[in-house]
Amino acid sequence: MSSPSILGGTSLFTGFTKLCKGLAVVLVAGHIIVQILPPAVNYLALIPARTIPFVWNLITAGYIEQSIYGVVASTLCLLIMGKLLEQVWGPKEFLKFIFIANFLISVCVFITAISLYYITRRENYLYMPISGFQGILAGFLVGIKQIIPDQELSLLRIKAKWFSSLMLLIAIAISFFTSESATYLPTLIFGTYMSWIYLRYFQRKPETKLRGDPSDEFAFSSFFPEFLRPIIDPIASIFHRMLCGRFETSTEDHGDTLGGAPLPGSDPIEATRRRERGARALEERLATAPSAEELKKDAAENV
């Protein structure tokens with residue numbers, strides 16, 4: 001029996017969680033506020049020249065959509081992708097991911113804008129209002145890549161593991177034809193990269209009390225085509241040692257090995273198995289949702 005299409009089935013627009021609905025209300029409310037009170041953008045959006053002393057915009061900027069198209073797209077993507085990730089991670093970890101990723105994205109965008117100003121001496125990098133949920137949505141795509149990498153979008157027949165890469169490729173291509181790329185491109189790039197770092201090295205696994213996902217299928221080079229991976233892997237290994245070398249040493253010191261062998265869940269093979277079990281469990285839960293054909297059949301029988 002084939003598993004249902006998680007990303008293209010009849011349950012795509014149903015079953016939204018309370019947490020996702022609440023976050024959607026926050027996005028809509030933020031948009032309404034800046035429409036009714038336009039000066040609020042100066043305090044809620046990320047404006048690098050004003051971040052000090054208005055440091056709270058490092059947090060609020062991610063939840064402020066300035067355009068109607070942005071709030072509609074962000075709300076729909078939040079509801080659809082959020083319910084999938086929340087089922088696997090749990091509400092607490094899902095909310096934690098959003099908060100941490102949002103803050104790290106804002107910090108990186110702030111540093112980038114300041115750096116670009118000192119390099120180019122163009123003041124627009126200091127005063128452009130940067131806001132929107134797109135960085136978190138980019139992180140959601142990384143999460144989907146992690147939990148269901150081989151699931152296909154039934155409409156386009158594209159595997160989930162390529163969603164992040166395609167999104168960035170399209171965004172970079174569009175940036176060559178628009179003068180406003182600085183307001184969204186760094187957010188998307190850092191949203192992808194910061195989310196991957198968190199999921200790769202720091203996300204806690206309650207079932208094993210370990211952190212991260214060391215599997216080869218979630219390596220940094222997995223975002224690139226196969227022929228580029230021999231080039232990407234040596235470069236990525238340098239950053240790998242910088243980011244988690246100390247953590248790996250700490251893990252060994254605390255006895256996460258037994259007789260020289262890693263404990264269950266502490267090696268890449270076990271991490272891959274955990275992800276596969278999670279994906280299968282998710283598919284089984286979603287398989288209980290009635291399909292369109294079943295609904296039609298039931299309706300016909302009732303008539």
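This is a predicted model: local features need pLDDT of at least 70, side-chain atom pairs count only at pLDDT 80 or more; totals for chains, interfaces and linings use all residues.
Visitor: How many aromatic pairs does a search of the whole structure find?
Guide: The search turns up 16 aromatic pairs. To pair, rings of Phe, Tyr and Trp (its six-membered ring) need centres within 6.5 Å; planes under 30 degrees apart count as stacked, over 60 as edge-to-face and the rest as tilted.
Visitor: So what kind of pair do phenylalanine 133 and phenylalanine 140 make?
Guide: Their ring centres are 6.2 Å apart and the planes stand at 75°, so that pair is edge-to-face. Tryptophan 196 and tyrosine 201 are edge-to-face as well, with 5.7 Å centre to centre and 80° between the planes.
Visitor: Fine. Are phenylalanine 133 and phenylalanine 140 buried or exposed?
Guide: Both phenylalanine 133 and phenylalanine 140 are buried, and tryptophan 196 and tyrosine 201 are buried too. Buried means under 20% relative accessible area, exposed over 50%, and partly exposed in between (1.4 Å probe, protein chains only).
Visitor: Which residues form the aromatic cluster?
Guide: One cluster is made of Tyr63, Trp89, Phe94, Phe97, Phe133, Phe140 and Tyr198.
Visitor: Switching topic: where does glutamate 65 lie?
Guide: Glutamate 65 is in the loop between α3 (57-60) and α4 (68-89). Helices (H or I, at least four residues) and strands (E, at least two) are DSSP runs, numbered from the N terminus.
Visitor: What does the side chain of glutamate 65 reach, then?
Guide: It gets to the backbone nitrogen of phenylalanine 133 at 2.8 Å. There's also a polar contact of 2.7 Å between the side chains of glutamate 65 and serine 74. A polar contact is a pair of N or O atoms within 3.5 Å; within protein, one must be able to donate a hydrogen and the other to accept it, and residues adjacent in sequence count only if both atoms are side-chain atoms.
Visitor: How many salt bridges does the structure hold?
Guide: Four. In one of them, lysine 161 meets aspartate 150 at 3.9 Å, N to O. Glutamate 152 and arginine 157 form another, at 2.7 Å, N to O.
Visitor: Is arginine 157 buried or exposed?
Guide: Arginine 157 has 55% relative accessibility, so it counts as exposed. Glutamate 152 is partly exposed, at a relative accessible area of 23%.
Visitor: Which residues do salt bridges that share partners join into one network?
Guide: Asp150, Lys159 and Lys161.
Visitor: Last one: how many helices and strands does the protein chain have?
Guide: The chain has 12 helices and six strands, and 43% of its 303 residues count as buried.

Definitions and conventions. Residues are numbered from 1 along each chain as its sequence is written. Side-chain values use heavy atoms; hydrogens and water are left out. A salt bridge is a side-chain nitrogen of Lys or Arg within 4 Å of a carboxyl oxygen of Asp or Glu.
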